[in-house]
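Me: Hi, could you walk me through the strands and helices in this one?

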Amino acid sequence: MSVLAIGPRILAAPVIHGSGECALQVRRLMLTQSFDCIAVPLPPSFQQGVEAAIERLPAPSMIAQPDRPRYRTLWTPDAAEAENDDDRREFSYAPIDPCQPVIAALRVALGEHIDRAFIDLETSRFVPYSQLLPDPFALKKVSLERFAAALLPSIPRPPEGQPRDRVRHMAARLRELEQRYSSILLVCSVLDWPWIREAYQEQTPVDAEDDLVEPVERHCIDPKTLIFLLGELPFITGLYEQARAELEDDENLSIDGVKQLLMAARAGYQQELRGRARKITPHLLRQCLKYVRNLTLLDRRLTPDLYTLVIAAKQLAGDRYALQTAETAREYPYPGDAEERVSLGIDQARLPDGEMVDLVNRLPGTPVEWRSCELRPRPEKSTAEKWQMRWNPFAQCSWPPEDELIENFRAHVFDRARTIMNMDLARTEKFTTSLQDGIDVRETLRHWYDGQLYVKVLPPDKGHLDAVVMLFEAPLDPRDYPWRTTWFAEHQEESTLAMCATDYRQEMVGPGIGLATYGGALFLYPPVSIPDIWQNPELNFTETLEERLLAAACLHSRSRQIALLSPAPPGAGWRRLARHYGKSWVHVPLSQFSESTLQQLRMVHVLNGKQVRSYAADFIRKA
């Protein structure tokens, strides 16, 4: 006799509620064996509402039953105080979740016209209990029978009171059902399974009676709060439903869905940030998945939770990608009817009329640990529009931490340019007593026949640089970079800066804080006072944004050489422009710097006055 058999006509499917893996096992069991009746651990008062809601899947919902009001026959101050502290109503509910094994069994039964029996005890106030259970992903390698048998020694006896009364009541209902059906499948929690079997075989008498209960109510759920209803992530639940609709394989979606989630988050992240987005390559995604695996194993699990995915995305690709991952995980492609919806929280809900109520799940899974991860959300569109309307056009300044970063980068480009300038004066000589500036490998190999070493001799730094033009794209489209301005230094450690960038007013990230992206910039250091290059009539002969920046550098630089950071070397036209002013370009290839570094440096936050600097750090986040 199978370990899952409760009686000669009753087979149990012990499951972990809210698990997609267990739902697949139940579906496979029902499609490979024949059953006359499906018994589920819900009371009869839920049957009509649950079955009607299942017909409306894949739109998720919940069937809720309000607790009956409690009346006190004697008023006391303590009783009145307790009533004031706990004046919210409480609802017990059954989640209509496609990845809930009980709902999956009823869904198949309705499709195959198999009888259904709701055999739980009617309770006016439901008392749930649960415990930490192994990851059901193990069912990929272990049968349901072996999985349940392995858990058997660690399953505690249900506590006295309602949990034990429910077990006895379900066992009694099963004895009644076997008088009418020859093959019954019981889908129940793995925590109840051994004790239902014990009560059935020992024919334990039933002491509790059904309570008088309120009618059930069906509620649609706000799509943004589905994560509090569904056992799996809403995105992965949506993949199960898509596979069902398209008749595709869904056996490995619990893991393949994580990969699809990260790739969907990458697409949304790149669409939002465009040129500012980091390059999330397949190699970076592979590293992210390794990090997810390691964090999951540290939690003694086989599949990751949302917290693990967000932490891994944050560490590997920054806050913006982590935020996009969290938002993508909440997306569900079948939101359902546009009815009045309930907003869910942690064991609570806000009804359409605004009332807050407490919630108790009648199909509780493994206890959930809620952990916090600090991510600054993007502002709502209406809030950003208010910030935009309040912008003072006569006050703007930069954010000092970004000033420091870009100035350090400007100094680094100067150093690279000086090195390139001095390379033309380098010479090679035979090794005698000193290695000088290192072995010249090419020259040594060229004279290998005489057995001599050749070393490099670099001259001291010569030349002076006071200007650098940074072109992060070429060519620069004027439609993409409409904001053009010249900023003057606030102190001697800053450069005079002329730039073209995206319109910061189109992306407000905080009150008085806008975000722009450099297209090109001119830095003059030490700082000098110059006319605004975008208004200077001396530069009106230029036709493009790049030419105006280059011409301004040639006009205001005191040095004969000007550093040019750009994707490609200067062409003939740019060289003629420099010769016209008696200058020359020292080209520093943009490819010498990492893309992630450049993307961070291109972001410039514009503040609406120096007073905004006191709170800007609370709103500014890096991509």
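**Sheets and helices**

Me: How many bridges join β9 to β10?
Reply: Three bridges join β9 to strand β10 (residues 348–350), and the two run antiparallel. Strands here are DSSP runs of E, at least two residues, numbered from the N terminus, and helices are runs of H or I, at least four. Two strands pair if DSSP finds at least two bridges between them.

Me: What kind of model is it, please?
Reply: A predicted model: local features need pLDDT of at least 70, side-chain atom pairs count only at pLDDT 80 or more, and totals for chains, interfaces and linings use all residues. Residues are numbered from 1 along each chain as its sequence is written, and side-chain values use heavy atoms, leaving out hydrogens and water.

Me: Back to β9 and β10, what sits between them?
Reply: Two residues, making a hairpin; Asp 347 in the turn has a positive phi of about 60°. Gly 345 has Gln 348 in β10 as its bridge partner.

Me: And which way do β8 and β9 pair, parallel or antiparallel?
Reply: Parallel, over two bridges, with β8 at residues 217–221 and β9 at 341–345. Cys 220 is bridged to Arg 341 in β9.

Me: Nice. What is the strand order in the open sheet of five?
Reply: β1-β2-β7-β3-β6, with mixed pairing. β1 (5–7) and β6 (115–118) stand at the edges with a single partner strand each, so one side of each lacks a neighbour in the sheet.

Me: Which helix lies across β1, β2 and β7, running at about 25° to β1?
Reply: Helix α7 (residues 193–202). Contact means heavy atoms within 4.5 Å; axes are lines fitted to C-alpha atoms, for helices over the stretch in contact, and angles run from 0 to 180 degrees between N-to-C directions.
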